[in-house]
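Please open the structure in your viewer and keep the selection tool at hand. The stops below take you through it one selection at a time.

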Amino acid sequence: MSREAQFLTAIHSNGLRMTRQRQLILEVLEASQEHLDAEAIHDRVKARDPRIGLATVYRTLALLKAMGLVKEHSLGEEHGHFEMVQKVPHYHFTCIGCRQVIEFEASAVMEAVQSLIDREGVQVMDVHLSLTGYCSNCREERATNHEVKVEV
Ligand SMILES: [Zn+2]
Ligand SMILES: [Zn+2]
């Protein structure tokens, strides 16, 4: 099934219609390899249809999230960042120095989840693993700055 067909199926199975704003927001998220926040999504959607307001973007994102098409991550900030759900779950490391996001896979996480399900019989609806720290560049920079301070 193509991605578009998958979106349509998800939307129809929730008794909804594929509206222009839903379509546009899905297209923006599909095209982006980044983790956009609602305002950045709004900017890109607005460039194609200026009638779509920020409130609609927020509402639509909440809907797509509830349908399991979109995931929201905080990435070390107060507000959410959005991306399409991918087949293989991935996690995020956010650099608090330069804000770059590094994605990584961790099959051990899903193994731990599965063993919890087997042992406790729970139903897991959501998994969060979010790392923050310094990327290798920022780490180096901080180490260099520190050395200078020590010399002074
Ligand atoms: Zn960095
Ligand atoms: Zn991601």
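Donors are N, O and S atoms within 2.8 Å of the metal (3.2 Å for Na, K and Ca), and since water is not among the atoms, sites may look incomplete. The model is predicted, local features need pLDDT of at least 70, side-chain atom pairs count only at pLDDT 80 or more, and totals for chains, interfaces and linings use all residues. Residues are numbered from 1 along each chain as its sequence is written, chains are lettered from A and ligands numbered from 1 in the order in which they are written, and side-chain values use heavy atoms, with hydrogens and water left out.

Select the zinc ion (ligand 1) to begin. Along the sequence its donor residues follow the spacing C-x2-C-x36-C-x2-C, and the protein donors are the SG atoms of Cys95, Cys98, Cys135 and Cys138, lying 2.3 Å from the ion. Cys98, in the loop between β4 (91–95) and β5 (101–104), and Cys138, in helix α6 (residues 136–151), are 40 residues apart, and this pair links distant parts of the chain; helices (H or I, at least four residues) and strands (E, at least two) are DSSP runs, numbered from the N terminus. Cys98 is partly exposed, with a relative accessible area of 41%, whereas Cys138, at 11%, counts as buried (buried means under 20% relative accessible area, exposed over 50%, partly exposed in between, with a 1.4 Å probe and protein chains only).

Now display the strands in the order β1-β3-β2, which form an open sheet of three with antiparallel pairing (two strands pair if DSSP finds at least two bridges between them). The edge strands, each pairing on one side only, are β1 (36–37) and β2 (70–73). Four bridges join β2 to the antiparallel strand β3 (residues 81–84), and if you pick Glu72, its bridge partner in β3 is Phe82.

Finish on helix α3 (residues 38–48), whose buried residues are Ala38, Ile41, His42 and Val45. Seen down the axis of α3, these buried residues fall within an arc of 100 degrees, so they line one face of the helix; the arc is that of the directions from the helix axis to the C-beta atoms.
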